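Visitor: Hi! I'm new to this one. Could you walk me through it?
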Amino acid sequence: MSESFSLAEQQARDEMVRLGASFFQRSYATGSAGNLLATPTGSCLGELQGDRLAKVTPDGEWLSGGKPSKEIAFHRALYLNNPDHKAVVHLHSHYLTALSCLQGLDPDNCIRPFTPYVVIRVGDVPVVPYYKPGDQRLAEDLAQLAPRYRAFLLANHGPVVVGKSLREAADNTEELEETARLIFTLGDRAIPYFNDAEVAELRSR
């Protein structure tokens, strides 16, 4: 017998399935890599089933659905340390993952501002040191950063982006991925980066 859900929960589950399929179809996610909120471990974002999504308590207790991803700890850390964080998108998207593998990134902000919408929508993107997937230190570092940031780049791993809704987190993830794509497209060409006053004006919006 299948579990019944409230209308709001069913709509949230349906949205997660739609967005997961959209990411997969556009190659933002491959195989079983990445997770939204807390999709079941080993699940392909292109093949999510609404009634099989993992459901856990704020304390991490598994209530129903598939077994939660081993990365549930860092999702919880983001939720518990900033009440504005209502959704988490973690992908292994091509360009942001490539960026995460570069040496010499600014640990406080790995994307130096040169387009307006990353500044407006996301802000600074700190780099989290490499830890193996599921390592508790990843959750600990994100817990410290959660109050101040809306996006993070996990070294040698990929992006983590939060939002006040799953749609917002997804949109912001796509904005970051396209910016990373621009970085590799531009290569070593001269870029007119924004100065402090220009960044401040964008942030004031």
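Guide: Happy to. One term to begin with: buried means under 20% relative accessible area, exposed over 50%, and partly exposed in between (1.4 Å probe, protein chains only). This is a predicted model, where local features need pLDDT of at least 70, side-chain atom pairs count only at pLDDT 80 or more, and totals for chains, interfaces and linings use all residues. Residues are numbered from 1 along each chain as its sequence is written, and side-chain values use heavy atoms, leaving out hydrogens and water.

Visitor: Thanks! So is N156 buried, exposed or partly exposed, and why?
Guide: N156 counts as partly exposed because its relative accessibility is 47%. N156 sits in the loop between β6 and β7, strands being DSSP runs (E, at least two residues) and helices likewise (H or I, at least four), numbered from the N terminus. Its phi is positive, about 55 degrees, although N156 is not a glycine.

Visitor: And what about the phi of S27?
Guide: S27 is not a glycine, and its phi is positive too, near 65 degrees. S27 belongs to the loop between α1 (7–25) and β1 (35–36). It counts as exposed because its relative accessibility is 52%.

Visitor: New topic: which residues touch the most other members in the largest nonpolar core?
Guide: Among its 17 residues, they are F74, L78, V128, L138, L142, F152 and V160. Such a core is a set of buried Ala, Val, Leu, Ile, Met, Phe, Trp, Tyr and Cys residues joined through side-chain atoms within 4.5 Å.

Visitor: Which element gives the most to this core?
Guide: That is α5, with five residues.
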